[in-house]
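Open the model in your viewer and keep the sequence panel beside it. This tour goes stop by stop, with something to select at each one.

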Amino acid sequence: TRGLPYRNFGVEGLTVRVFGDAGITSAVIRLTLRNAEGVEDTHPSRCTQAWVKRDGGWQEVLWQATRIPE
């Protein structure tokens with residue numbers, strides 16, 4: 001088995017905003033991947049998540065990431 005291509009995951013500048021039973025998080029994530037040839041590459045992306053409070057806990061309802069050009 002090749003295993004997962006993900007090697008490292010970092011988060012920078014996390015912000016959390018809560019609006020009653022809804023919340024938004026945003027951050028820059030740096031995901032390091034290993035391709036099929038074994039070469040590692042880091043992909044910085046801007047990530048946004050939307051959350052809603054249901055049944056006494058928080059549930060993620062949206063996750064979106066856009067790669068930041070180098």
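**Stop 1: a buried serine**

Select Ser 45. This residue is buried, with a relative accessible area of 10%. Its place is in strand β3, residues 40-54. Now show what surrounds Ser 45. Setting aside residues up to four places away in sequence, Ser 45 touches Ala 27, Val 28 and Ile 29, and also Ala 65, Thr 66, Arg 67 and Ile 68.

**Stop 2: colour by confidence**

This is a predicted model, so colour the chain by pLDDT before going on. The protein averages 90, and 94% of the residues score at least 70. Compare two strands. Confidence is lowest in β1, at a mean of 92, and highest in strand β4 (residues 57-67), at 96.

**Stop 3: a threonine in β2**

Select Thr 25. Strand β2, residues 22-34, holds this residue. Buried or exposed? Thr 25 counts as buried, because its relative accessibility is 11%, and the cut-off for buried is under 20%.

Display the side chains. Which side chain makes a polar contact with that of Thr 25? The partner is Gln 49, at 2.9 Å. Then widen the selection to the contacts of Thr 25. Beyond four places in sequence, they are Leu 14, Thr 15 and Val 16, then Cys 47, Thr 48 and Gln 49, and finally Trp 51.

**Stop 4: the nonpolar patch**

Switch to a surface view. Select Phe 9, Val 11, Leu 14, Val 16, Val 18 and Trp 58: together they make a nonpolar surface patch of about 610 Å². Which strand gives the largest share of the patch? Strand β1, residues 6-19, supplies five residues.

Val 11 is in strand β1. Its relative accessible area is 47%, so Val 11 is partly exposed.

**Stop 5: the salt bridges**

Side chains of opposite charge can pair when their charged atoms come close. How many salt bridges are there? The count comes to four.

Start with Glu 40 and Arg 7. They form a salt bridge, and their closest N and O atoms are 3.5 Å apart. The pair links distant parts of the chain: Glu 40 sits in strand β3 and Arg 7 in strand β1, 33 residues apart. Glu 40 counts as partly exposed, at 43% relative accessibility. Arg 7 is partly exposed too, at 42%.

Arg 34 is partly exposed, with a relative accessible area of 34%. Show the three residues together: Arg 7, Arg 34 and Glu 40 are linked in a network of salt bridges.

Next, select Glu 12 and Arg 30. Their side chains meet in a salt bridge, 2.8 Å from N to O. Glu 12 lies in strand β1 and Arg 30 in strand β2, so this pair ties together parts that are 18 residues apart in sequence. Glu 12 is partly exposed, at 38% relative accessible area.

**Stop 6: around Arg 30**

Stay on Arg 30. Its relative accessible area is 35%, so Arg 30 is partly exposed. Now list the wider contacts. Leaving aside neighbours within four places in sequence, Arg 30 is in contact with Asn 8, Phe 9, Gly 10 and Glu 12, and with Thr 42, His 43 and Pro 44.

Draw a distance from Arg 30 to Pro 69, C-alpha to C-alpha. The two are 12 Å apart in space and 39 residues apart in sequence.

**Stop 7**

Finish at Asp 55. Where is this residue? Asp 55 is in the loop between β3 and β4. Check its backbone: phi is positive, about 50°, although Asp 55 is not a glycine. Asp 55 counts as exposed, because its relative accessibility is 86%.

Conventions:
Residues numbered from 1 in each chain as written. Predicted model: local features only at pLDDT ≥ 70, side-chain atom pairs only at ≥ 80, totals over all residues. Heavy atoms only, no water. Helix = DSSP H or I, 4+ residues; strand = E, 2+ residues; numbered from the N terminus. Buried < 20%, exposed > 50% of the residue type's maximum accessible area, 1.4 Å probe, protein only. Polar contact = N/O pair within 3.5 Å; in protein donor to acceptor, adjacent residues only side chain to side chain. Contact = heavy atoms within 4.5 Å. Patch = residues over 30% accessible without salt bridge, like charges linked within 9 Å, V, L, I, M, F, W, Y side chains within 5 Å. Areas by Shrake-Rupley, 256 points an atom, 1.4 Å probe, with all protein chains shown as cover. pLDDT = per-residue confidence, 0-100.
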